[in-house]
Structures are given as C-alpha cells and as structure tokens.
Amino acid sequence: MPVLKRKEFQPEPWPPNLKPDDQVFYLPVTNEVFTTHEAFFQRQITLNSMVWSCARTGKSGLTYEEALESEKNAQEALETFPDYFGRPILYLVERLSLRGRLDDLVNDIYYFVKDRYFVGEEVIYTSGQRRKSARVLNVSFKGEDFTDALDSERTADSPKKPAACTKRGELHMGSAESYVYTVQIIDEGGAEEDAGVRENVTFSELSRTRTVSSRSKLKLFLKNSCQPNSERLTVKKTLLDEYGLEALSWNDVFGGPVAIFPHTPLMARGPPKGTPRMPRKVDGEVTASTPVEKVDKTKEAGEVGINDSLTDSSLTKKPRGRPKGSTNSQKRIASGEEATKTPKGTSKQSKKSEKLRKEIEKQQEELQSTFQQARRVGLESISRWEQEDRLLSADDISELKQAIRNAREQTKEAGEVGINDSLTDSSLTKKPRGRPKGSTNSQKRIASGEEATKTPKGTSKQSKKSEKLRKEIEKQQEELQSTFQQARRVGLESISRWEQEDRLLSADDISELKQAIRNAREQERERAREAKQREREALVEWKKPRDDVACDDLKELPILGSLHLPDWISEEEFGELLNVYQFFQTFSDILPIKEVRNTSRVTFSDVVKAVRSNDPRSAVFVELMHVLLMAKTERGNEEDGDEVDLNNKEELPMDTNTDLDSKVYGERIRRATRFHENVRLTHGVSPRHLPIDWMTISEVLRLSLLSSGYFTGTGTHRFRLFSRGAVHFFEDEGFVFAHSNPDVMETLEKKSVFDLKPSERLALLKVLIQQLSSYNKFRVLADERITALVDLKRELRTLRNWDMSQEKEAREALLVREYEAEQIEEHGEAVRADLPERPKPSRDSILLSNYLRMAREGLASRRDDKSAQVKQILLAGVAYTELDEGTVEEARSLQKELVKAKEDELISQIYDLHSNCGYYLGRDRAFRSYWVLDSLPLLLVENATCIDEMGLCFEATPLDKVDDQTKAGVVDEDKLRVKLLGCTNNDECPVHAIHRRPRWQYIDSNETLDKLILACNPRGFREQDLAENLNYFRNQLRGLLDRSSKKIYTGELWRELMLTCGDPSTICDDFDWSKEMVEMVLDFEEKVEHGGIGHLALDDANVTRQEWRGSLKENHSVAKFISGWLRFVEKEFTWK
C-alpha cells in the first residue's frame, strides 16, 4: 500500500451498524465508506494531494493513484528479475557488503556486476558474427592477487587505522580483464549443446540485458530485498531461506580472491542496545535511580584514571551533541573532571592523547556485550580488561573470551552436581499428575529403585526447588524435541550432552546445539557442493578437445562405397594420375590447352590414356606433353633466357658463392650449360623451341632433360631468389631426373618414349609439372587465389557482423516504437510531446518507406523502377530509428533476404576457389582424408597407407558413453571398437595398423553425408575440423553429390575414371616403324612434286614416277633408279 507520513496507509473499516437505507459516501479508490461528507471530502483531498510515497520504490510527491500505479509497475519489474542474477547479488549483500545507506550499496553492487558475470548466470555469448545464449559454468581469476597489495597497505597503516576499515567508496577486487569464464552454449529450446562448452572466454565476449543490471533496477531490487539492522543493510529473513543463501559460498557465486567491500555502517544514535547507562552526577549526586553498587563500581573505576598520558592536558574540549548518558559524560563524572574548551595552543602530545582516548572508548563500547557475558558467568577481576588506561590487543581479547568459556564450563559442572545432590537428598517426592506411564521421570524412578509417593506438607524448601527444576528440565526437553530430530537428521553425533534430564540447559548450550546443527548442515551442503563441483569440473574436462580415438562417446561412421580399381592400375598410380589431372584443372587458365588440343578441357581418361597407351599414333600423350613443353617455353623465354658463355669471363659472376662453384653439382651444371649451347648452335634454336610431334617428342624430351639446370648468369639470379622461391639450378626437377634415371635417358636416345613403361611416362609428366610449378607466373596465380580466399572470408565475416548490428538496431527501434504506441494508447496523443523526438527521415529512408508502401499496395510496376536503388540502400545500411513500426519489420525481412543471397554468393565463390585446387576437407578418426573433386564430380575418401601418417597405438578407445543402440548385438569390446573405428591397442587395430580397407572410397549420397556429419565427434581434433568444413560447404556438397549420384547411376562416372575400360597399353602393340618412314618419304615427295619445288631425276626415260613410288612402297628401296644427278631448283647434287 502507498505510504503517508512514513506509515503504510490502511483504509478505514466500514462503520458498524449500517442500515440499508442509510446515506453514505463511498470512495471506490480505497473501498471506504463515510457517513459524513466532511470526512469523505477530507479523504478525497488527501488522496489527490501529492503527499504520498511508493512503498516499493520510495518515490515521493505522488498522489494516491500514482503511488498505486508505481507500486504495480515496481512489482511487475520485481517479478521479472531473474533468480540466477538476484541470488548472487543477495549473497554479496548478506556476506560481503558493509553498507548502511542504500545508495552506497547500490553503487557497490552496480560496479561489481559491471563487466563481471556470476556462476549460473544466463548470458549472451558472442563468437565472431554469431550471438548465442549461454550459461556461466565457472569463473577463473588470471590476474595478480589484489589482496596482497591491500594487506601490505593495511599493515603499513595498522598503527593508526584498524585493519577492518576500508576507505569510504572503495571496492577492492580484480579488474574485468582479470577474469575468464567457462560457458555452456544453450540452444533455442533451452537444452545444453553437447559441444557447447567454451573456455577462457573474456568479459568482452559476454553480455547481459541492460535492463536487468541498470542502476535503477538494482536499486528497486535491493530496496525490496534488504532491511537495516543495527549496523548495516542485510537480506530479509524470508529471502535468506528462499534463496538458500546460508548454503552458498564465494565459489558458488564467483571466483578468484574474495572481493572486499567498503565499510560505512549506520551512524549509531546513543549507546548500543543492552549497554547499561552509567549514572549521571550533578554536583556529586546521582541523578538516576541506579543501584548504589553500580555507582560505587563506577567510582572505583574512575579512581584509576583514564590514562597517564592525559594528565599533561588540564583542559579538554567539551563534546557537542552527545547524549546525556554518553560514555564521555560517564568518564567525566567518574574522574571528576570538568569539560572545558581546549585552547588553540594545545601541544601535539595532547592531540595524540585525545585520539588514543577515542580509540579506547570505541573499543570499550564494542566489548560491552563481552563484559556482560563475563559478569553473567561470574567471572571475577574483569577490571584488567574493562578499563580505559590502554588499548587492548588481540591477545588480550582472546584471553578474555577464553576465561569466559572456562567459567561457563565450571558453571555447567556445578549445576549438574547441584541437581543430582538435590534429587538424592529428598527421599519423598510428589507424584506428578496427568503424565503418561512411560514418561521419562517414571523410568528414572523405576531405574533408581524409588517409589512415587505423595509429598507431605512439611517438605523442605530444597525438595520443592528440586521438583520445580525437574519440571523445567522436562518442559525444556520437550520443547527441544524438534531440534533433536533435526540434529539426528543431519547426522550429528553425541547429542546426549543436550538430550538429557540431569540439568537445565542454558541459552549458551542451546545456542551451541543449534550452531552444531548448522555446522553439520553446512558440512553436508559443502560435501554436496564439492561433489557438484567435481562433477562440473569433470564435465568441463570431458568436453575438452582430444584425439578422436580417445573420445568415449564415439558414434558409428557410415559405410562408404569403395572404388574397385582394375588390375592394370594400382592404388598408388591412381593417386598420381589424380594429381596430374588436378594440375591441368587448376592451371587451365594459363596453360595453352586450347591452342594445342582445340579444347580447353582435359579429362581424367585423357591422362590415363596418355600414361598407359604405347601407340605412337595416339595423340593424347603428345598433346599433353606439347601443352606442358609449350608452357615451359613461354616461361623460359621470360624468366630464364639463354645460357652464359663459360669462356667469357665478363658473363661469369664475380661472386664465388654461386651454383657453378658447387663442389657437388658445379661440374654437372657446366656440362648442362655446354650441352644447351651445342644444341642451340646445332639446331639454331634452344631445346625448348624445337618442333614437337609424335616423331620428335622423344628427342625433344631428351634434349630438354639434359639441358635442364643450365646456368643463365647473374642477370636472373635476383629474380630466381625473390620470385621463384630461391630455387637453385641443381634443384631443377629435369636436372635431378636426368642424372637419377640413366635407363630412361638411354631409351629416349636409342628408342622412343612409347617404349617406356607407363610409370616412366607418368614420371616424365610429373617432372614437367614440377618444373612449371617453380616458375613465377604459376606461383603468383596460386598466391592470388590464396589472397582472394582470405579476402572473401573476411568479407563474409564482415557481412555477418554488419547483419548482426542491423538486427540489433532494428530490434531496438522496434522496442522504441512499441513503447511509444503503448504510451499513446494509455495516455492519449497529448503524451507524444513528452516522448523523445524521432530523427528526421533521410532521403533513403523516405524512398525505402515509399517502396515498401507500394509493395503493400501491389504497385509492382512502380516498384521495379526502384528495386535496384532500394537494394543498394538495404545493403548499405538502414537507419531503422527513422522508420515506423510496421516499416521496420518489412525492411528488416527484405534486408535478411538480400544478406542471405549475398552470403550464398560469397560461399559459392570460396567453394569455387577451393575446388580448383582439389579441396582438402579434413580427416576422420581413422586418418581417412576427404577430397572434393568438383570437376569429376566426386567426394573422394583416401585411407592412410603409411604408419607415419597414423602413428602408433597408445591406449584402447574408452567405451563409457557409447549409446546402447550401438552396443546392441556386440559382446566383445574389441569388436565394438572395430565397429566404431576406434583403437584396440593390438595388432588388429583398425586405426593404427595396416588394414585391409581399400585405399580409395567415396561418398555416394546426401544421406551418407548427413550421417557422416552427425557421427563426427565434436571433441576430436580431426573430426571437429572435418565437420566444420562439411557444414560450411554443405549446400555446395549437396549439389556435387546430386551430380555424382546421377553419373554413378548411369555408369558415366566409372567410364570417366577408366574403371570399366580395358588397359590402353594392350590396344596396339604391332607398330611398324619402317612402313611409317616410307609413308613419310612418299608424303614428302608428293609435296615437293606438286608444290613445284623439285622433281625426281631418273636416267631411264622408261621409268616413271609411279614406278619409283611403287618400288619404295613395296620393296622399301629405290636405289636401282638413282644412278646420276638429282636436279633440285636449277641446282645439281651428286648422288653418293
């Protein structure tokens, strides 16, 4: 209810004895009835006066209805205050805060929760461009311990200032940067994600709702949750039990060193409660009705004197505003001194004495309750502590408390002996009436052999006292039965010292019992908290990333299809062919494929035929070699040039530290340089410019390999150093191959390249590919693609962050519009003037609003004119604060669509750049590599074949959390590990041992892809990255698998991979070189004859040209027709 004059308003009850026909005045606001108009009018005036206060917020200057509305709003705000945030705040207030003013307490809590988050609090976790709900699991302190510096500061100030005091307004704790958090990601349904634990999260990555932690909301919550006691603000008793604050510890709420709150208690008004007031003397007489004994004691205490150091100052300043019964007045009365003003020239010694006097007075006031306990237990000679001559040390106070405890124990023992003696002295006791037969007294009397008889009238006073004491003990024990039950429930041992009937328990005994119960309960809670903490730590440890086969919750991976290779191609050779094929796909933009083959495409079957076919008439090998050699010629002209003249010292480098001076390769490089010079002088061109066809390819390859690594001089040294990766001449792949494969070089010299083995022809292709990869143009293209990938990923990340900021701005603008609509609906249009002024719409905002309005009205033709402009506005950023409520939602929905389309476009570009290089997705637990070959199309899986790639067994895969469905039907644990592709730690390990799985497998459908993503363990090092990449390109991989499934169904994919075709090397093995040479000579003669270049000179006129050609074609000889001269363009040559 509202507050009036600091009292809660209570409506007047209805007048009694009202009749149905009485005229009354009814006030509906307060539900009151008045019989007189004057009282009704007076109450109406009071209700409409601005003299009311809100009981919840303390806001004053309100009318009654305004106060009611304020209380209603405050109650609604309190109901929405989350428990996970309120509970730790109340813990700080109850256990750590020492504030007497509400504003000071609010400031302390506000600065504490600013940029700091409690254990169990639900927060917003920001990772990159994503915002997720999370719960704080743990808080760790990484900074320096601030308590050390504080202790040293206190130690330095200890002679002058008590250690318990801190400066007003100082909150001692670590900075926000010193704390890191462990959080659990929570999905939209409120469930915890299995892979959602994030560690070492900083405060900048976390946030909470501002309306919860605002200063006004905290003040409202604390005002209604706290109450003042004699010293400070504490939590209300009901909230202590409701939140279980007594069972909480600092680590349950936060972490690190315990924060130290400032100490500004309530200002004491007079002496504390329970402190006896000393009698006042006026002219030597006692003014209060105080026992003479106390006055005498006061006199005796005053005779000792206050302090020897005080005797030097004869004049002291009279304190102002102190109550009549204050301590200073008592001391002045006891000591007989008169309070006068201190002159200005008082010495420093007097000031020190006055300061010491105040400290002694304060300490004695604080110890008054302890002195009362000492008097209660009959402790003698307490004057050694209750004095004002010196400041008691900590040891003195401890000695006093120990003396009180000893005296209390002696009193208990004496009480027990007295009760037993009094019971044994009385032989006859009065039989109690109305007590059950099995009562405790009856049992004791039966056990002791006594008979219950009536007590005669002449019983002594001692017997009556014993009977009265017995009844008091029984009553006390009955009242404590519930406490004893609590003690048994918490497992408290040895409660017989309280549950007995020999003596009457004192208040200290009962307090000790309750304290023991609280301690036992606290220990039980502490054990539960420790168990919970161990479980939490075990969960955090369990969720840490580790090796995939060390995870104990593996799921079964889907069964993959196997690539059944034909017998004529090995698994190793298939991988090498894929590398050659991918090189042509990756660098197709700068390779002269179309100039040579009249098509820009090289298929995998072309590569297989080029390597396997022995038919010289097969143009595939020659074409691919021609492409590579032509590209090498173009690069060599730009980056190599001709060789140096080894005989010309001016062309040789002055520096001796060159490849020519190498002790191992120097002579070989010189021979390659001379060989390149001889070829150039013999043929007129360098080896890379020689014509290439199926007849010359063998010789061109031989010359190119032998001349590889020739020295080009100092002019290209710097270029090779900085633009070609500092490659040396002796590191040229052709240079290395020529000297390490002499058999191949001999075959190329004496036979043909088609006489080589397929593996040797494949090696020649790889040599040329490696040579091209070292040239700057190929390296620059690869670097440009990597840079483009980084830029695209950065652009995608920026787009997502920008979209999040737009979402936040739209949400805030929508909340503002909703608030404005509520205020206008509630208070009318007049309140619009009090609302914050809306920003003036810009030109883009007006255009966007008109566009959306036309969209609602269906004006499609007019919309199309502005679509491009509106799209540009939406992607540039919308000022949502300038739009209306309905327009905000429509604009944001349209913006989301454009952003989604932009994201898909960027991801598609990233995927295209990756697929050009044969994208490597990652590895699973069994070290199987996943490759994307978009040009085939195929999602290929490669099993590891080398022990170095897989490593050795460490320990068997644990199976603690494998689901029951996977375990069903499997009895042996090793068989289950094999099923899960886990480590068995034996020779049959499916992960680390040489297994029988085919090296090449593939994913055949989207269902298999989905199963693979679900089966990947988020805690495994390898499968975590694999699942992330699979999810990143999930849409693109689905399209690839759709195309792959169609080709697999029709068999086209297997034909492209040459898996269903015969070995090309067996197609042609009867090539006749003599016949081929005759055909070439005949073709040459025909071109010379028909071109008018020359003709055959035959001596015999009867021999015709046709006869000559027929003899050459059939007999492979025309020697019989040549006996003279051959005329060739008016010149004669003698046939020899």
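Predicted model: local features only at pLDDT ≥ 70, side-chain atom pairs only at ≥ 80, totals over all residues.
1. Start with a term. A residue is called buried when its relative accessible area is under 20%, exposed when that area is over 50%, and partly exposed in between. L981 has a positive phi of about 55 degrees, although it is not a glycine. Look for L981 in the loop between α35 (973-979) and β21 (1000-1002).

2. A726 is not a glycine, yet its phi is positive, at about 55 degrees. This residue sits in the loop between α25 (717-723) and α26 (733-740). Is A726 buried, partly exposed or exposed? With a relative accessible area of 32%, A726 is partly exposed.

3. Next, a peptide bond. The bond from L936 to P937 is cis, and its omega is near -10 degrees. P937 belongs to the loop between β19 (929-933) and β20 (938-942).

4. Now the cysteines. A disulfide is a covalent bond between the sulfur atoms of two cysteines. How many disulfides does the model contain? The count comes to zero. Two cysteines can be checked for burial. C226 has a relative accessible area of 9%, so it is buried. C1016 is buried as well, with a value of 7%.

5. E69, E76, E79, E818, E822, E825, E826, E885 and E889 form a negative surface patch. Which element gives the largest share? Helix α29 does, with four residues. E79 is one of the patch members, and its place is in helix α2. At 60% relative accessibility, E79 is exposed, because that value is over 50%.

6. Salt bridges are next. The structure holds 65 of them. One joins the side chains of R1022 and D547, at 3.1 Å from N to O. This pair links distant parts of the chain, 475 residues apart. R1022 is in helix α37 (residues 1021-1032), while D547 is in the loop between α18 (507-542) and β17 (561-562).

7. A second salt bridge pairs R838 with D884, whose closest N and O atoms are 2.7 Å apart. Again the pair links distant parts of the chain, here 46 residues apart. R838 lies in the loop between α29 and α30 (843-857). D884 lies in the loop between α31 (860-876) and α32. R838 is partly exposed, with a relative accessible area of 33%. D884 is partly exposed too, with 44%.

8. R856 and E890 form it, and their closest N and O atoms are 2.5 Å apart. Why does this pair tie together parts that are 34 residues apart in sequence? R856 lies in helix α30 and E890 lies in helix α32, so their contact ties those parts together. R856 counts as partly exposed at 48%. E890 is partly exposed, with 28%.

9. Last, a network. Salt bridges that share partners join E634, R635, E638, E639, D640, R720, R724 and K777 into one network. Trace these residues in the structure above.

Notes. Residues numbered from 1 in each chain as written. Heavy atoms only, no water. Disulfide = S-S within 2.5 Å. Buried < 20%, exposed > 50% of the residue type's maximum accessible area, 1.4 Å probe, protein only. Patch = residues over 30% accessible without salt bridge, like charges linked within 9 Å, V, L, I, M, F, W, Y side chains within 5 Å. Areas by Shrake-Rupley, 256 points an atom, 1.4 Å probe, with all protein chains shown as cover. Salt bridge = Lys/Arg side-chain N within 4 Å of Asp/Glu carboxyl O. Lys, Arg positive; Asp, Glu negative; His and termini not counted. Charge placed at Lys NZ, Arg CZ, Asp CG, Glu CD. Helix = DSSP H or I, 4+ residues; strand = E, 2+ residues; numbered from the N terminus.
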